Amino acid sequence: TEQTIANIKATEPTVDAFITIAEAEALAQAKAIDEQGIDPNSLFSGIPVAIKDNILTKDILTTAGSKMLHNFKPIFDATVVEKLNNAGAIMVGKANMDEFAMGSTSKNSYYKMSKNAWDQTKVPGGSSGGSAAAVASGEVIASLGTDTGGSVRQPAGFNGIVGFKPTYGRVSRWGVIAFASSLDQVGHLTRTVYDNAAMLNVLAGADHRDQTTSTREVPDFTANLNGDIKGMKIALPKEYLGEGVSAGVRETILAAAKQFEALGATVEEVSLPHSKYGVAAYYIIGSAEASSNLQRFDGIRYGFRAEDVKNLNDLYIKTRSQGFGDEVKRRIMLGTFSLSAGAYDAFFKKAAQIRTLLIQDFDNVFKDYDLIIGPSAPSVAFGMDYTPEDPAELYMYDVLTIPSNFAGLPAISVNAGFSEGLPVGLHIIGKAFDENTIYRAAYAFE
Ligand code: GLN
């Protein structure tokens, strides 16, 4: 842990992955483990990990990347943090992120701009950009992120590491600052597929404090990692390599498809015809849920409180005006509007109908196939200075990851190679609660 902290301090000027380095707490935890002795039955005993800053850590600053929570120290650990603690993992710090997990670059953080581990002129992706840069730069071997529309898989892809979003309900969200509750999942980032599967063994399982968690049995996710995927049926949707996907990304994914065939799987082209409507529906549903979830940041209950206020209403207005950044305000306004009586039918209801169509697209393909593959993002990491005038331009980059959040499906991003000198993520989507098949394929591919 001492070496890890020293290495983080030496590496931070390059990647800026952390909002908080929990040095004293980590050393105390490590000392306790030294005294008890490493648990030989827990792979994570004594292993330093990073946690995204929207996941509650008892007595340790948890900002969600926002000024709104600049002074917020939670009074309890999230379930996922508790589980890592129980496994002996050592929490060394809180990773930078887009404010309230809204963004694809980590540039929406109030605190700092994290950098891509491969090229510091490029974004690390987002919103879990700090979690990805911390693993890819060698600061830690694993981290937690959250994924509402791709926020674990896209930064994993941009940094050439492994990022996983479990089936909705597989991992508890208790103690995770909510963005869009019907889409949010805690995901995790590692350097290898094996580490990733082993970490899901620690994180998965029912939690009475999160009523959306599943009581299904949790298998051993490392059990089938033997490299054998003969006979596996893989679908490659033509929409996932269509317009907007860069030539280098397309070539890399087609080469990955060939590699799966060489390993004895079949890869066939299929269609997910409603894919192109996913982004529009996501920014309505995700923002609607966010507008509701973020009502709790009122200047009374948590964190930042504006000064010089005239009355309660003025306190709310000034606190929220000063405490939230532009992107968060944009989502709150969009979400509030689309839920309003006059706009509901034209926006929220339509988006919910599109969500159903996207789920049906997946159901049709999964009747005949075990997995669906494609790129994790349409391009490699873009430049730090890319700030489109129209924010919707950036939203389009989420087109490949959003559908699996809508359907609650598990999905992974693993490195598939390089284009323009930067990593390309291969995205593998599986059936609900069939994380094992994803890990088997990703392990054989890696
Ligand atoms: N980029 C998407 C957004 O801005 C996804 C974010 C996420 O998964 N948390 O909403």
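Strands (E, at least two residues) and helices (H or I, at least four) are DSSP runs, numbered from the N terminus. Please keep in mind that this is a predicted model: local features need pLDDT of at least 70, side-chain atom pairs count only at pLDDT 80 or more, and totals for chains, interfaces and linings use all residues. Residues are numbered from 1 along each chain as its sequence is written.

- Strand 2 (residues 48-52) runs parallel to strand 4 and is joined to it by two bridges; strands count as paired if DSSP finds at least two bridges between them.
- Strand 6 (residues 185-190) pairs with strand 4 in the antiparallel sense, over six bridges.
- Leu 144 stands opposite Ile 51, and its bridge partner in strand 6 is His 188.

- Asp 184 lies in the loop between strand 5 (162-165) and strand 6.
- Asp 184 counts as buried because it has 26 C-beta neighbours inside 10 Å.
- Leaving aside neighbours within four places in sequence, Asp 184 is in contact (C-beta atoms, placed from the backbone, within 7 Å) with Thr 146, Thr 148, Arg 173, Val 176, Ala 178 and Phe 179.
- Phe 406 is 222 residues away from Asp 184 along the chain, yet their C-alpha atoms are separated by 9.8 Å.

**Around the ligand**

- Of the 14 residues around the ligand, the nearest are Ala 101, Ser 104, Thr 148, Gly 149 and Ser 151; a residue counts as near if its C-beta atom, placed from the backbone, lies within 6 Å.
- The shell around the ligand has nine polar, three nonpolar and two charged residues.
- In that sorting, Ala, Val, Leu, Ile, Met, Phe, Trp, Tyr, Cys and Pro count as nonpolar, Asp, Glu, Lys and Arg as charged, and the others, Gly among them, as polar.

- Beyond four places in sequence, the contacts of Val 49 include Leu 84, Met 91, Val 140 and Ala 142.
- Helix 14 (residues 435-445) is largely enclosed by the rest of the structure, because nine of its 11 residues are buried.
- Among the buried residues of helix 14 are Glu 435, Arg 440 and Ala 442.
- Cover for these buried residues includes helix 6 (193-203), helix 7 (247-262) and strand 10 (411-419).

**An exposed glycine**

- Gly 264 sits in the loop between helix 7 and strand 8 (266-270), and counts as exposed because it has 12 C-beta neighbours inside 10 Å.
- Gly 264 and Lys 230 are 34 residues apart in sequence, with 4.2 Å between their C-alpha atoms.

**The whole chain**

- The chain has 14 helices and 11 strands.
- Buried residues make up 54% of its 446 residues.

Definitions and conventions:
A residue is buried if 20 or more other C-beta atoms lie within 10 Å of its own, exposed if 12 or fewer, and partly exposed in between; C-beta atoms are placed from the backbone. Two residues are in contact if their C-beta atoms, placed from the backbone, lie within 7 Å.
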